[in-house]
Amino acid sequence: MNNSIYEFSKDDAFRFARDQGSRTRIQKNELMFQSCPYCHGGSHRDKYTFSINLETGVFNCLRSSCSVKGNMLTLARDFNFEISEDVKRYFNQNNYNGKFRTFREGHFEVKDKAVEYLKSRGISETITRKYEITIKKDDENVLVFPFKSPANELKFIKYRNLNYEKGKGAKEWCEADCMPILFGMNHCEDFTSLIITEGQIDGLTLSECGVKNAVSVPIGKNGFTWIPHVWDWLCQFEEIVIFGDCENGYVTLADTLANRFPK
């Protein structure tokens with residue numbers, strides 16, 4: 001299953017059969033279930049009409065009155081079947097997302113120190129105030145990036161140490177127990193082209209240059225836990241452009257996101 005929040009494993013098909021308590025047999029590349037988990041064979045208790053393809057994860061029932069079709073994501077949704085952490089996040093299985101913090105709605109008061117710092121990085125006061133970048137209340141040397149959903153709900157908060165020295169503490173960190181989403185989602189204008197950057201400063205720079213729909217990932221080039229939380233929103237875009245960092249001739253984020261998203 002390509003371009004998905006889930007990559008099919010035939011082991012999951014066998015696990016689903018065990019979870020349903022169904023006897024199975026293999027016919028070519030099909031895992032045949034003695035009983036369809038949806039229609040249970042109907043009034044005649046027809047057997048082996050339901051199968052999962054062991055190469056693609058696509059399933060169907062051959063009974064005309066049932067004719068159910070789908071894939072492992074469908075089974076995960078319909079039977080609360082756990083197949084990966086991403087899918088748990090996507091379907092909020094067993095209230096998985098209930099562990100994330102909720103925040104009171106409100107506007108972040110932009111402090112002068114944030115404006116001054118971002119001006120030194122080529123970001124205007126207008127953009128700084130638009131994105132509500134500010135300074136931590138108890139430490140004026142820590143920049144605060146609020147991540148808000150398209151509905152303008154605060155979901156994630158990230159910090160940046162303005163006095164960072166290599167080898168001395170953390171350069172960036174995030175508030176604990178927050179739902180990871182993309183920075184700048186609440187400022188996207190339409191669903192034409194979306195540009196995804198690695199860093200928040202990069203996303204702000206694109207906005208400063210007049211580029212619309214610029215967002216950035218929450219936890220760096222190797223963290224992709226945000227994908228299930230923005231999947232449906234992101235898949236609405238006509239085109240996704242990866243504007244990662246170039247490291248040793250490789251553009252960060254590019255390969256993973258190109259393999260995960262269809263556009």
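Visitor: Is Phe145 buried or exposed?
Guide: Phe145 counts as buried because its relative accessibility is 1%; buried means under 20% relative accessible area, exposed over 50% and partly exposed in between, with a 1.4 Å probe and protein chains only. This is a predicted model, in which local features need pLDDT of at least 70, side-chain atom pairs count only at pLDDT 80 or more, and totals for chains, interfaces and linings use all residues. Residues are numbered from 1 along each chain as its sequence is written, and side-chain values use heavy atoms, with hydrogens and water left out.

Visitor: Which strand holds Phe145?
Guide: Phe145 belongs to strand E7, residues 139-148. Strands (E, at least two residues) and helices (H or I, at least four) are DSSP runs numbered from the N terminus.

Visitor: And what does Phe145 touch?
Guide: Leaving aside residues up to four places away in sequence, its contacts include Ile133, Phe156, Phe183 and Leu204. Contact means heavy atoms within 4.5 Å.

Visitor: How far apart are Phe145 and Phe156?
Guide: Their C-alpha atoms are 8.5 Å apart, with a sequence separation of eleven residues.

Visitor: Now the sheet: in what order do the five strands run?
Guide: The open sheet has the order E1-E2-E3-E4-E5, with antiparallel pairing; two strands pair if DSSP finds at least two bridges between them. Its edge strands, each pairing on one side only, are E1 (24-27) and E5 (69-70).

Visitor: How many bridges join E4 and E5?
Guide: Two bridges link E5 to E4 (residues 59-61) in the antiparallel sense. Opposite Phe59 stands Gly70 of E5.
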